[in-house]
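Morning, everyone. I have one model to walk through, and I'll keep it short. Please have the viewer open.

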Amino acid sequence: MATMRRPSQRWRAAVAEEARGLAAGELAPKDARLAQYYPETLIQAVDDAFRAYEAEVAGLAAASADADVLGAVERVVLALNDINEDPQHGNPGFDTIDRENLCEYIYGALVGRGIDIPALAARNGMEPYEITDEWRDW
């Protein structure tokens with residue numbers, strides 16, 4: 001998991017790069033929107049949710065019970081639901097690319113611990129891409 005970057009880390013880097021472009025006069029203020037889409041409160045909240053998820057996933061192994069693995073997924077998805085709907089973060093609503101990146105990170109963390117997502121999904125009557133769907137509002 002150490003090689004995976006959280007979506008929130010990528011957002012923070014993009015916002016910083018945009019700010020550098022503004023400061024250097026390379027970007028017009030009307031074209032700078034990332035800080036609005038990804039306010040620091042949103043980035044920090046997503047970082048915190050993924051930090052908790054990473055800590056939980058660190059205790060999993062390839063042979064972990066499905067309920068333990070899906071429980072970790074449920075908790076991070078519910079945390080992301082709350083973040084997505086919280087007006088303190090500008091109520092941004094994760095867009096399609098954000099949703100894909102969030103799910104990719106959730107899956108990748110499990111794969112990094114040796115979890116066979118296709119097998120997990122099959123045992124639970126779903127497709128691999130559906131492991132977040134039961135709880136996901138974003």
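This is a predicted model: local features need pLDDT of at least 70, side-chain atom pairs count only at pLDDT 80 or more; totals for chains, interfaces and linings use all residues.

Start with the layout. The protein has six helices and zero strands. Read from the N terminus, that gives α-α-α-α-α-α. Now the dimensions. Along the principal axes, the C-alpha atoms fill a box of roughly 55 × 30 × 20 Å.

Next, the surface. The accessible area comes to about 7,400 Å². Carbon and sulfur atoms account for 52% of that. Of the 138 residues, 39% are buried.

Charges next. There are 13 positive and 25 negative ones. Their mean positions sit 6 Å apart.

On to the core. How many residues does the largest nonpolar core have? It has 35. Those with the most contacts inside it are Val46, Phe50, Tyr53, Leu80, Phe94, Ile106 and Leu110. Which elements give two or more residues to this core? Helix H1, 7–23, is one of them. The others are H3, helix H4 at 66–85, helix H5 at 96–112 and helix H6 at 117–123.

Pick Leu110 from that list. Set aside neighbours within four places in sequence. Leu110 then contacts Tyr53, Val57, Leu60, Val69, Val73, Ile115, Ile117 and Ile131. Tyr53, also on the list of residues with the most core contacts, is among those partners.

Now Ile43. You'll find Ile43 in helix H3, residues 40–57. Is Ile43 buried or exposed? Its relative accessible area is 1%, under the 20% cut-off, so Ile43 counts as buried. What does Ile43 touch, beyond neighbours within four places in sequence? Its partners are Ser8, Trp11, Arg12, Val15 and Tyr38. One distance to note: Ile43 and Leu78 are 35 residues apart in sequence, and 16 Å apart in space, C-alpha to C-alpha.

Last stop, Thr132. This residue lies in the segment after H6. Why does Thr132 count as buried? Because its relative accessibility is 0%. Again leaving out neighbours within four places, Thr132 is in contact with Val73, Val77, Cys103, Ile106 and Tyr107. Two names there have come up before. Ile106 is on the list of residues with the most contacts in the core, and Val73 is also a contact of Leu110.

That's the tour. Over to you.

Terms used:
Residues are numbered from 1 along each chain as its sequence is written. Side-chain values use heavy atoms; hydrogens and water are left out. Helices (H or I, at least four residues) and strands (E, at least two) are DSSP runs, numbered from the N terminus. Buried means under 20% relative accessible area, exposed over 50%, partly exposed in between (1.4 Å probe, protein chains only). Contact means heavy atoms within 4.5 Å. A nonpolar core is a set of buried Ala, Val, Leu, Ile, Met, Phe, Trp, Tyr and Cys residues joined through side-chain atoms within 4.5 Å. Accessible areas come from the Shrake-Rupley method with a 1.4 Å probe; for residues, only the protein chains shown count as cover. Lys and Arg count as positive and Asp and Glu as negative; His and the chain ends are not counted. The place of a charge is taken as NZ of Lys, CZ of Arg, CG of Asp or CD of Glu.
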